[in-house]
Amino acid sequence: MALTPGRTVTKWIRFVVDDYLGAPREIPIDSLGPVGWTYDETEVTAWQDACKSYLVNHPDVSIDITGPLDMTGLTALAASGAAPTLSGSWTVLAPISAPTFTTPLGLWIGFGMRNYWTAAQDQAWGIVAPSSTSGYQCSKFVIEGEKYSARFILYPGSVPAWGTAIIT
Amino acid sequence: MTGGRTKHKWWRVYVNGYDLSGYSRNIGPLGLVYDEADLTADMGDTVKGYLRNHPQVSPGTLNAVFDNTGTTGLHALAQSVAGTSRNVLVAIGMRAAPMEGDPCFGGSFYQSGYQIAEDGGAVTSTIPFTGWAADAESLKYAMPFGQLLHPNVARTSATGVNIQAGWDNPTKDATAKGGYFMYQVLASNAAGVTATLSVDHGISAAHVDMGALAGATSGSIVCVPGVSGIVSIGNAVPVKQFMRWQIAFGTATSVTWVAAFFRNY
C-alpha cells in the first residue's frame, strides 16, 4: 500500500485488546481518551530562580474508551492494510473484567493515515507482546443504555511504546 | 442469542421475583469498576503501574414511571421494604425481547432509597441501588455480567423437562472458575405449588450431551411471584461450553420464571 503520511481522522483508528485467552480482538469504539505519555510534573523551583522550574516524573498511560455494546462473537483480527473485523465489545470485555481474571493483556491502538492501518508505515501504541508481567488490565466495564465504557491500566513494571507493528 | 448491537428498549428488569419492565424507563450504569492501587516502584519502573483492587459492582439507579398496581407493581414492591437487599436481574435483548444466551447483569444489591418525583409533568419513581450486598448468598463472586438462561416464559408440566438444544458460550469455550445461578419466579398456577429450577451444561448443544451442573439448582421451591434466589457454585467448578435451563415440576403445573447464569472467568 502506498505510503500516505500526513493527517487523518478517527474513522481510521483501530482499537485491539486481548480476549481472556490471549488472542487479540478488535472491538468497536466511539471515543478514545488521550493515548501516550502523560508525565507527573514535579515543581523544583527555588526562590532565586527566574521562573518556575520542573522535572518530569513517571508517566501515566491509562486509556479510557467508550463504544456501542455489541454481542458479536469473537472474530479474527484483520491483517495490516485490511478493513477492520470487529468482535463484540461485550464478548471481549466481560470476561477480561472478571475479578478472577488477572492476566496482563496485550493492547494496541493503530492510527491509520486516511486508509486502513498498515504495518511499517502507520503509527501504533501499546504492548504488542504481553507476558505474565507485562501488559494492560481492564479496570472498568460499565454499561449504560446502548453504550459501554471501559478503562485500561498498566500492569506494574510494563512499558508500552509507540511503533509501527501490529499486535500478534 | 443474536449477535450485534441493540437498543435500550429491549432491556428488561426483574427485581426480587417481579417483572418491573412495564414501569421502567432505564437502569444503570451497570458497572464493574475497580479501585486502582498505584504500585509504581519509583526507582525501578519506567512508567506508572497499577493493580486492580476491590471492584464496585452496582446496577446504578432504576428510573421508572410511578405506578401503584397492587402486589406486583413498582410502588408495592419498592416502598414497603426500602433499605433491604434485592436480587436484581437486567436482561439485555438483542434487537428483540431477551432470549436465551443474551447478555445480562445481575446480583444482590441493597435498595438504598425510593423516591417519587415530578419530571416534566409526569410522576416518576427513582430507586437507587448500592454496591454488592454484604448479606448476599455469596461473596465469592463479583462478576455481574452473565447470560440469560431462561427468558420470561411460562413452562408447564404438560411440556415437562427441557429437552431442547443448549446455547453456546459467547467466548466459544468451557471455563473452570465456577459462577452463580439466579432465578426469579414471576407467576405460577397456584399458591404453594413447587418446582425445582436448575442449570444444565454440556460439551455440545445436543440434548444427549446435556447434564446437570452440580450445585446450580434452586432445590424444591414454592413458586409464587416474589420468589427469587442466587445459588453459587464453587470457584473452581468446571462449567462446560454449552448451557440451558432445566425445570423439574413438583406440585406446580405452570411456572413463569426468568433465570441467568453468571459464568466466572
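Because the model is predicted, local features are reported at pLDDT of at least 70 and side-chain atom pairs at pLDDT 80 or more, while totals for chains, interfaces and linings use all residues.

**The contact between the chains**

Colour the two chains separately and look at the contact, to which chain A brings 39 residues and chain B brings 38 residues; two residues are in contact here if their C-beta atoms, placed from the backbone, lie within 7 Å. On the side of chain A that touches chain B, strand 5 (54–60), helix 1 (89–96), strand 9 (136–144) and strand 10 (147–154) each supply at least two residues, and strand 9 gives the most, with seven residues. Helices (H or I, at least four residues) and strands (E, at least two) are DSSP runs, numbered from the N terminus.

Select strand 9 of chain A together with strand 4 of chain B, which pair in the antiparallel sense over four bridges; strands pair if DSSP finds at least two bridges between them. Within this pairing, A:K140 stands opposite B:V33.

**A buried threonine**

Next, select A:T72, in the loop between strand 6 (63–68) and helix 1 of chain A. Is A:T72 buried or exposed? A:T72 is buried, because 21 other C-beta atoms lie within 10 Å; the cut-offs are 20 or more such atoms for buried, 12 or fewer for exposed, and partly exposed in between, with C-beta atoms placed from the backbone. Leaving aside residues up to four places away in sequence, A:T72 touches A:L86, A:S87, A:G88, A:T91, B:G3 and B:G4.

A:R114 counts as partly exposed, because it has 13 C-beta neighbours inside 10 Å.

In chain B, select B:K172, in the loop between strand 12 (167–168) and strand 13 (179–188); B:K172 is not a glycine either, yet has a positive phi of about 65°. With 11 C-beta neighbours inside 10 Å, B:K172 counts as exposed.

Finally, go to B:P29, in the loop between strand 3 (24–28) and strand 4 (30–38) of chain B, and find the cis peptide bond that joins B:G28 and B:P29, with omega about -5°.

Conventions: Residues are numbered from 1 along each chain as its sequence is written. Chains are lettered from A and ligands numbered from 1 in the order in which they are written.
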